[in-house]
Amino acid sequence: MFLSTKTKGYVYEQGEQITVLARVSSQKTPLVIEDIREFPTGDPAALSQAIGEIRPPKSSGYLFAKCGVSPEQRFIRRAGLDPKRIKEEKYLAEIASSQFRVDPDQSIIAVLNASDGLDFDPSKAGTNKEVIFCGMPNSVAETAQEALLKSEIYPDCMELSSLCSIAALIDYLKFNGSGKPTLVLELGAQSTQSYIVSTKGLEATRPIAVGLETMVPVVQKELGLKDEESARKLFFSNTFDFTGMGAALCKRLLKELQSSMGFYEVQTGQSIGQLVCTVLPEKLSWLEAVIGAQLGVAVLTPEFKPWLDARQVTVSGDLNLAKFDSRKFALVGLILDSNPKPSDASTA
């Protein structure tokens, strides 16, 4: 999926707050992650500098890369299908429009099997009734592509970072034998995307209209600050210990999460065993522990080295897998996406 089988590969993963650019030794495993650059999303100068540092000396032109993006308007929704209507020509478009308020004519939409992430085929659906609708508006995709090209990055493919992260996490759970359903949170500025995953796949999805900015007025009130801008700067600066007021900051979010967890547990008879936040800025990483404590679930601390060793992915001597955290799931998902899993190797 990169430029050619003889060239190095590049992976570009743009999160809402942080963007990661990586160079890998090959397009297929076994491969080595040779270099990684991280910088704030939306900073053209930082991106240009990262490209200059990561590309081979004396090379120029576009950087051909496998790209993951996380536009605010992205959607990932699980839905159950009516077996009697699966083969109707407009049935899937009807679900997108009526259940998720997505305009099928103005959006790029992929429909995937909830269990394995493969493209849903109505003619081969059988008893498979659970699917994932995912995508983004056409205009958003076009804007993202134009921005990449303007930055001298040529997207060999462009995927949703969220899907890459979820796929990698599911593979990780299978590798370490975890039977615990896991709550996955993407805390954005204005909203939070909530998913429940397990070794069986993506089991539940829910967008929550509560984000990091929702916590700023609470900071202002709790600390008696004169305006929200002062509260915002303090909140995102990591110069003050907010853990003591964590429950108050997350009150609205916790209420919605408790509702989602309760519904899932009643429907499935399973309890959520752990939590992971995959897009939190490093300065706000303490929020993960606060949310986990309030919900009464453990925080997943991934061990990337044994997992990636098993997937034939290593890193150069300048990098340290021990320092990889949950924010790297999307990057790893992009790297592993085109490679067969070990269970598929014998038939690949």
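**Spaces, rings and one buried arginine**

Guide: Take the lining of the largest cavity, whose residues divide into six nonpolar, seven polar and seven charged. This is a predicted model, where local features need pLDDT of at least 70 and side-chain atom pairs count only at pLDDT 80 or more, while totals for chains, interfaces and linings use all residues. Residues are numbered from 1 along each chain as its sequence is written, and side-chain values use heavy atoms, with hydrogens and water left out.

Visitor: What makes a residue nonpolar, polar or charged here?

Guide: Ala, Val, Leu, Ile, Met, Phe, Trp, Tyr, Cys and Pro count as nonpolar, Asp, Glu, Lys and Arg as charged, and the others, Gly among them, as polar. Among the 20 lining residues, Glu13, Gly15, Thr278, Val279 and Arg327 lie nearest the centre of the largest cavity.

Visitor: Why is a space called a cavity and not a pocket?

Guide: On a 1 Å grid over the protein atoms alone, a cavity is a set of points where a 1.4 Å probe fits but cannot get out; a pocket is an open set with protein on both sides within 12 Å along at least five of seven lines, and lining residues have an atom within 4 Å of a point. The structure holds three cavities of 30 Å³ or more. About 200 Å³ lies in the largest cavity, where a volume is the space filled by probe spheres set on the points, and points are joined across faces, edges and corners.

Visitor: Which element supplies the largest share of that lining?

Guide: α4 does, with three residues. Both β2 (18-24) and α4 (161-175) supply at least two; helices (H or I, at least four residues) and strands (E, at least two) are DSSP runs, numbered from the N terminus.

Visitor: What lines the second largest cavity?

Guide: Its lining consists of Glu16, Glu72, Arg74, Gly188, Ser191 and Gln193, which gives no nonpolar, three polar and three charged residues. Its volume is about 40 Å³.

Visitor: How large is the second largest pocket, and what surrounds it?

Guide: The second largest pocket holds about 600 Å³. Its lining has 26 residues, with Tyr12, Gln14, Ala147, Leu148 and Ser151 nearest the centre. α3 gives the largest share, six residues.

Visitor: Why is the pair of Tyr62 and Tyr154 called edge-to-face?

Guide: Rings of Phe, Tyr and Trp (its six-membered ring) pair if their centres lie within 6.5 Å; planes under 30 degrees apart count as stacked, over 60 as edge-to-face and the rest as tilted. A search of the whole structure finds 14 such pairs. For Tyr62 and Tyr154 the values are 6.4 Å and 75°, so the rings pair and are edge-to-face. Tyr62 lies in the loop between α1 (44-54) and β4 (63-69), and Tyr154 in strand β8 (residues 153-160), 92 residues apart.

Visitor: How do you know that Lys328 lies over the face of Phe324?

Guide: A charge sits over a ring if NZ of Lys or CZ of Arg is within 6 Å of the ring centre and within 35 degrees of the ring normal. Lys328 is at 5.5 Å from the ring centre. Phe324 also belongs to an aromatic cluster with Tyr172, Phe304, Trp307 and Phe329.

Visitor: Why is Arg311 called buried?

Guide: Buried means under 20% relative accessible area, exposed over 50% and partly exposed in between (1.4 Å probe, protein chains only). Arg311 has 13%, so Arg311 is buried.
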